Amino acid sequence: MYPLHITNNEYFFGDVKLLDIAKSFGTPTYVYDLDIVGEQYDSIKKSFDWPKLRICYAMKANSNIDILKFLKSKGSSIDAVSYGDILVALKAGFTPEDIIYTTNNASDEEIELVVKSNVLINIGDLSRLEKFGQKHPESKVCLRINTEVESGENDLVKTAGKESQFGILLEDVDAAKNIIEKYHLNIIGIHEHTGSGLYDTDDMFESINRTLNVAKKFENLEFVDFGGGFKVPYKPDEHTIDYNKFGKKLIEIFDKFCKDYGKTLELLFEPGKYMVAQSGILLVEVNTIRKTPHKNYAGVNSGFSQLIRPLLYGAYHHIVNCNNPNGIKTKYDIAGNICEGGDLFAKERMIEEIREGDILIIQNAGAYCYSMASVYNNRPLPGEIIIIKNKVKISTERLSFEKYVHKYFD
Ligand SMILES: Cc1ncc(COP(=O)(O)O)c(C=O)c1O
C-alpha cells in the first residue's frame, strides 16, 4: 500500500535513502519512483487481457515531464484535458495519434488549436457538439456519455449522474445522434468516466453495460473508452479492488459486445491516480512544535498550496517521521505554513514522536498533488526528484525566492 520500506531505522524508496534526498536537495521536495509507475502500468496491462488494449494516462494527475517520457517508453497513450496538456505531451514525445482530448467548457479558440494539432476530441455536451459540427462537419469525434451511475470516493470527484455537468445523458443520446447526422460527424469512440476512486464494482459494471448499450447505436466505432477512476487505497485499512478478477469479467462482457458488434474494438482506459499516486511522496521539514494543553502541533515548511488534497477533499495522506521511524506514537495535528485554519495535512494523527528539524514523509503524493500546486503566498513550488532503477535525478529544481520572483515578475 505504501511502497516505502525501513531498513536499519531508515526509510527507503527502493535502495534510495530518503533522508539523503532531503539532505542533498532540501525540502519541500516531491520524490517519484518510476519503477512503481511502471509496475502500476504493467498491472493494468496484465489485468485486462485484450488484443487491442490502450492505456491513456490521465496526465492531469501528474504531468511531470520525466513521468510522461517514461510512460511513453512503456507504450502509454495520453488523456489530455487542455491544449496546454497536449503541448506538454508532445514535448514528452507523444504523437497527436497517442492523445485524446476531453473538453469541459473549453473556449472555441482552444478547440480550434486542438483541431489544428490533429488530436481527437472527446465531446460531452450537446452545445459543443453542435458548434463543433457546424465548424468541422464530417470530422472524427469521440462521444462522452454520462451513464447516470453516480460513483466515486467523494462527491467532489463524481463525474456522472443525472445532475452532473459532464457527459451526454442517456436521455439525450438521440438528440446527439440528430446533431451527428446533421453534420455527418464520424463517431469513432464512445467514452465514459464515472468518477475517481471507484470502489463499487456493481456500479462499475452497471456503468460499463450502459455505455455498451449506447455504443451499439454507432456503426463506425474504433474504440470504447471506460475512463479512469481505478481505486488507490490511501488509509491503512482501506479496501481495494481485485483488478485481475474485475478485468476477467470486463473482458468477457467486452468480448461478447465486440462479437455482436462484428468487430474487435480497441479497449481504452484513462487511469491517472492509479498510475502515479503511490509512486510519489512529499518530504517536508518540521519548523515548529506547538504544545498547548489542547493540542500538539507540528508545523512544516509546506502547505495546502503545495498539496491541497486534505483541504479540498478531506483526503487522508499517511504521514511518517523519516528521522524517527521507531519513535513513540504521539497524537499530532500537522499544520502547514499558510495562515488559514484549513491548512492541516493531518488532524489528531498518531505519528512517531516529532522534533524540530525532523523530516516528515507525506505518502501517496504522486497524483493530484504537484499538478494541483500553486504559488499562493508567493512561495516557490517544491522541487521534484525522480528515482529510476535506484538512481536519483533532479527533475524540477526548487526555485529560491529570488529566482521565483525573477521568473514570474521581472
Ligand atoms: C475524463 C477523465 N478521465 C480520467 C480521469 C482520471 O481519473 P483517475 O485519476 O481517478 O484515474 C479523470 C479525472 O478526473 C477524468 O475526468
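Predicted model: local features only at pLDDT ≥ 70, side-chain atom pairs only at ≥ 80, totals over all residues.

**Domains**

I started with the spacing: the C-alpha centres of domain 1 and domain 2 lie 32 Å apart.

Next I checked the bounds. The domain assignment gives domain 1 as 5-32 + 277-409, and domain 2 as 34-275.

Then I asked how many residues of domain 1 are in contact with domain 2. I got 22 residues of domain 1, in contact with 20 residues of domain 2. On the domain 1 side that touches domain 2, strand β20 (residues 383-388) gives the most, with four residues.

**A sheet**

I looked up an open sheet of three strands and noted its order as β1-β2-β3, with antiparallel pairing. Which are the edge strands? They are β1 (5-7) and β3 (16-17), each of which pairs on one side only.

β1 and strand β2 (residues 10-13) run antiparallel and are joined by three bridges. Across that pair, I found Ile6 opposite Tyr11 in β2.

**Ligand**

Last stop: which residues are closest to the ligand? I have 16 residues surrounding the ligand, and the closest are Ala58, Ser196, Gly228, Gly272 and Lys273. By class, I put the shell around the ligand down as five nonpolar, eight polar and three charged residues.

Methods. Residues numbered from 1 in each chain as written. Domains from an automatic or database assignment. Contact = placed C-beta atoms within 7 Å. Helix = DSSP H or I, 4+ residues; strand = E, 2+ residues; numbered from the N terminus. Pairing = 2+ DSSP bridges. Near = placed C-beta within 6 Å. Nonpolar A, V, L, I, M, F, W, Y, C, P; charged D, E, K, R; others polar.
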